[in-house]
Amino acid sequence: MNKHERISPAVIKRMPKYYRYLGELTKSGVAKTSSRKLSEMTGFSASQIRQDLNNFGGFGQQGFGYDVENLRNEIAKILGLDKKYNMIIIGAGNIGQALANYTGFYEADYEVVALFDKNPKLIGLSIRNALIKDIDDMESFLKEEKVDIAVICTPKNVSQQIADKIVECGIRAIWNFALKDLKVPDYVHVENVHLNESLFSLTYYYNQINKSKE
């Protein structure tokens, strides 16, 4: 196990936010920044930011701060954003189609190469340059084409079956929008996106704010 594999998931989840804000600084023409400035932008403490970056080597110089472009490039390498990724979306309903239309994927070099669905009214349609194919053709497609990431947007009653099939076909990264936690081998990573859970958390904080005003 290398050093990066031992890094806390909480640290990894903060890195994309640093990357995003550094991108905003780059667009604004800012060449240098500091952990204090990043703290003001991200909401994380300056010491937390320094600790996070030190997990990967630091990249800054005391008294001089961080070179914005260099730090952003280094974080891109850490997150693997210096490569191109091919994605498929399984389930071409509202969420699947919205994801296929999301411009942020293409700006960050994630390309949706195909969508899969069982609805005959959708099969044959294109979203951007991605064709919606018959779900029955998915396994042969995965065996013939290079696909790095699979996005599951199916109903929960079929999501595990879909996950089993794509893992058998070599998929090792799954972005799961189905309302079901998937069981996969240890060598497969799943990122679950449960919209209800996020909304429920929001309503908790909403009610806490209202209570504080009473």
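A residue is called buried here when its relative accessible area is under 20%, exposed when it is over 50%, and partly exposed in between (1.4 Å probe, protein chains only). By that rule His194, with a relative accessible area of 14%, counts as buried. The model is a predicted one, in which local features need pLDDT of at least 70 and side-chain atom pairs count only at pLDDT 80 or more, while totals for chains, interfaces and linings use all residues. Residues are numbered from 1 along each chain as its sequence is written, and side-chain values use heavy atoms, with hydrogens and water left out.

The overall picture comes first. The secondary structure of the protein chain amounts to 9 helices and 9 strands, where helices (H or I, at least four residues) and strands (E, at least two) are DSSP runs numbered from the N terminus. Taken along the principal axes, the C-alpha atoms fill a box of roughly 60 × 50 × 35 Å. Of the 214 residues in the protein chain, 36% are buried. Contacts (heavy atoms within 4.5 Å) can be sorted by sequence separation: of those in the protein chain with a separation of 6 or more, 55% join residues 24 or more positions apart. The chain exposes about 13400 Å², and carbon and sulfur atoms supply 49% of that area; accessible areas come from the Shrake-Rupley method with a 1.4 Å probe, and for residues only the protein chains shown count as cover.

Back at His194, the residue sits in the loop between strand 9 (189-192) and helix 9 (195-213). Its side chain makes a polar contact with the side chain of Asp181 at 2.8 Å. A polar contact is a pair of N or O atoms within 3.5 Å; within protein, one must be able to donate a hydrogen and the other to accept it, and residues adjacent in sequence count only if both atoms are side-chain atoms. Not counting residues up to four places away in sequence, His194 touches Ala178, Leu179, Lys180 and Asp181. Gln160 reaches into this stretch too: leaving aside neighbours within four places in sequence, Gln160 is in contact with Lys180, Asp181, Leu182 and Lys183. Gln160 belongs to helix 8 (residues 156-168) and is buried, with a relative accessible area of 17%.

Charged side chains are next. The protein chain carries 28 positive and 26 negative side chains, and the centres of the two sets lie 6 Å apart. Lys and Arg count as positive and Asp and Glu as negative, with His and the chain ends not counted; each charge is placed at NZ of Lys, CZ of Arg, CG of Asp or CD of Glu. The structure holds 6 salt bridges, each defined as a side-chain nitrogen of Lys or Arg within 4 Å of a carboxyl oxygen of Asp or Glu.

One of these salt bridges joins the side chains of Glu191 and Lys13 (3.5 Å, N to O). Glu191 lies in strand 9 and Lys13 in helix 1 (residues 9-27), so the pair ties together parts that are 178 residues apart in sequence. Glu191 is partly exposed at 33% relative accessibility, whereas Lys13 is exposed at 57%. Glu111 is partly exposed at 29% relative accessibility, and Lys84 is partly exposed at 47%.

Helix 1 holds Leu25 as well, a buried residue with a relative accessible area of 7%. Beyond residues up to four places away in sequence, Leu25 touches Val30, Thr33, Leu38, Met41 and Val68. Leu25 and Glu69 are 44 residues apart in sequence and 8.8 Å apart in space, C-alpha to C-alpha.

Finally, two backbone angles deserve a look. Asp109, in the loop between helix 6 (103-107) and strand 4, has a phi near 70°, a positive value in a residue other than glycine. Arg128, in the loop between strand 5 (126-127) and strand 6 (130-134), has a positive phi near 55°. Asp109 is partly exposed at 40% relative accessibility, and Arg128 is partly exposed at 41%.
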